[in-house]
Amino acid sequence: MLSSRLSSCPKRRIEHTLSTHYCHNLYDFRRYSTQRLTPPSPQHSIYISNSTNPYFNLSFEDWLFRRKAADKPLLLLYRDDPCVVIGRNQNPWKEVNLPVLRASKTIPFVRRRSGGGTVYHDLGNTNFSIHLPRTSFDRHMTAQVVLRAVRSLGIDATVNDRNDICVGTEKVSGSAYKIVSQRAYHHGTMLISTKLETLGDLLHTHSKDTMETKGVASVRSPVRNLQQFKRGVTHGAFVEAVMHEFRKEYGLLGNDDKVQMIDEDDCRDIEYIQHGMSELPSWEWAYGQTPEFTYTVHQTFKWGSAQAKIKSKHGIILSCDLCVSGPTEGTDTTAGGSVASMSAALQGVTAVSMDEPLRFVVKEVEQMLQGRRYGFISAREILSGLGTHDNTKVGAVEDLVSWLVNLMDS
Amino acid sequence: MQSILKRTLASSNPLRRCYANPSPRAFSQPPFRVRTIVTKRYTAEHECVAFDDETGIGSISITDHAQSSLGDVVFVELPQVGTEVSQHDQIGAVESVKAASDIYAPVSGKIQKINEALSAQPGLLNKSPENEGWLCKIKLSDPSELENLMDEEKYKASYEH
């Protein structure tokens, strides 16, 4: 299975080093594999996904969550190809460095269904997901299961007051939780050998302090890999340890229910999973679930300055208020000028400071943006949609439009 | 001891002073001032509906027990006004520092109004879950569904054991 994937994806050979490593050592999961002629059943206790497709893994997890008998414990373990995963009610423009993401060409961001903050997944990170009846769910107890697994690998880990697993003051794991009528789950990451520099680049956004969001903000913490505390810790070792602690905690030691190894292809006929896999990457879910936010920015140009206040909800621009001003005497409109002085200068923008043709065009730009998808409109679209206007203003208008589009792309 | 507790509970619950209990003797004021009857019922998933039988509108909220289990609420997802829901349909979700929890309709009907204040102040759900932190108002399509839900006593007993 793994070897055929390697030959068809030469670019991924490096990233798969870890998986080939564990296949040839003690933790050979091929002994668990099952030939599937029918779709898998959701009624087993332990599942390991062979897929590294984050859309599949999240949809498969949700299917198990909704279909497994409500009173039984379940464990799922999986890894994803490089991706950024944001919480259900987060703002991707605030949490993710979208330009860096786009430049990577292969790394998507995915909005998961549970709450919490933003994390980075790659093959050096192992995800665990523990599902239990809602009435007996206790996130501290589930954290202890994972903690005991990490400690059994010879690492002196602890749980902090946010229920995250740490070694010393550094996080090695982040968690999120979901509760529905009969069930609840605790799922989380475990950093084993993740590329932390990539994590840092993707999760660091150029200061967007002036983006006020009603969504949930991440709580940023320094992170480390387990391998930095104990060389030789592998995905396979962690998986075995978690399975053992899970069985011990929920009285499944000696139970002969086999570990289910799941391929993406096994679930091609499961409508719920297929629907989830098409919903998660859709604009409606990824961007359209973004809570309301307001982004206020100032910019100086050769010809003057501008302030934009963009209000957006569910990924749509509700309004864009533009204040444009030519350079006025006594006002510092250079790049070195403080925001406060610029803001003060723009406060009293009147018909005197913004000449009529420019004011008219600015109004047109505001109207064109309203109702459009935030971050999904090009400068060319806006400029070609504007009516004919005074040629002397072309430069200013182009500057303004390019600036707005770049703001929303960042 | 019990009678002291009852009196304490009655005086600390602001709603008790205003609303009658669901017994035939419904007046809490002298006969010349008539108060409407409001029936409060609870679900096992910790939602509460306060039904005003004169308007046929129910005010849906989460219970005080729910908000204390959830921890600090950071985000509330509400249904759209005009949505028709059936009893036990998911109508929204609450995200707290501890979990993202789905909220279910305690009764069937049409959503009339949502609490816009929760958008800027999700913490209202912790401060005043059954009062200022109301989630939405629903026009009940079948008030008899209330009979399947728990009264306050049964609800408290359901999670206290």
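Visitor: What share of the contacts in chain A with a separation of 6 or more comes from residues 24 or more positions apart?

Guide: In this predicted model, residues 24 or more positions apart account for 74% of those contacts in chain A. A pair is counted as a contact because heavy atoms of the two residues lie within 4.5 Å. The chain itself has 14 helices and 16 strands, and buried residues make up 52% of its 410 residues.

Visitor: What makes β1(B) and β2(B) a pair of strands?

Guide: Two strands pair if there are at least two bridges between them. Strand β1 of chain B, residues 38-42, is joined to β2(B) by 5 bridges, and the two run antiparallel; one position to look at is Lys40(B), which stands opposite Ala50(B). These strands form a hairpin with 4 residues between them, and His46(B) in the turn has a positive phi of about 70°.

Visitor: How do you know that β2(B) also pairs with β3(B)?

Guide: The same cut-off of at least two bridges applies, and 6 bridges join β2(B) to strand β3 of chain B, residues 57-62, in the antiparallel sense. Glu47(B), for example, has Ile62(B) as its bridge partner. This hairpin has 4 residues between the strands, and Gly56(B) takes a positive phi near 75°.

Visitor: What makes β5(B) and β9(B) partners of β8(B)?

Guide: Strand β5 of chain B, residues 84-85, is joined to β8(B), residues 109-114, by 2 bridges, and the strands run antiparallel; a pair needs at least two bridges, so this count is enough. Val85(B) stands opposite Gly109(B) there. Between β8(B) and strand β9, residues 136-140, there are 5 bridges, again antiparallel, and Lys110(B) stands opposite Lys139(B).

Visitor: Why is the link between Lys178(A) and Asp102(B) called a salt bridge?

Guide: The rule asks for a side-chain nitrogen of Lys or Arg within 4 Å of a carboxyl oxygen of Asp or Glu. For Lys178(A) and Asp102(B) the closest N and O atoms are 2.8 Å apart, and the pair forms a salt bridge. Across the interface of chain A and chain B the rule finds 2 salt bridges. On the side of chain A that touches chain B, the largest share, 3 residues, comes from strand β10, residues 175-179, and the residues of that side divide into 5 nonpolar, 7 polar and 7 charged.

Visitor: How do you know that strands pair across the two chains?

Guide: Between β10(A) and strand β7 of chain B, residues 100-104, there are 2 bridges, and the strands run parallel; at least two are required, so they count as a pair. Ile179(A) stands opposite Ser101(B) in this pairing.

Visitor: How much area is buried between chain A and chain B?

Guide: The area buried between them is about 1400 Å², of which carbon and sulfur atoms give 44%. The contact takes 19 residues from chain A and 16 residues from chain B, and 10 residue pairs are in polar contact.

Note on methods: Residues numbered from 1 in each chain as written. Chains lettered and ligands numbered in written order. Predicted model: local features only at pLDDT ≥ 70, side-chain atom pairs only at ≥ 80, totals over all residues. Heavy atoms only, no water. Buried area = accessible area lost by both parts, 1.4 Å probe. Polar contact = N/O pair within 3.5 Å; in protein donor to acceptor, adjacent residues only side chain to side chain. Nonpolar A, V, L, I, M, F, W, Y, C, P; charged D, E, K, R; others polar. Buried < 20%, exposed > 50% of the residue type's maximum accessible area, 1.4 Å probe, protein only.
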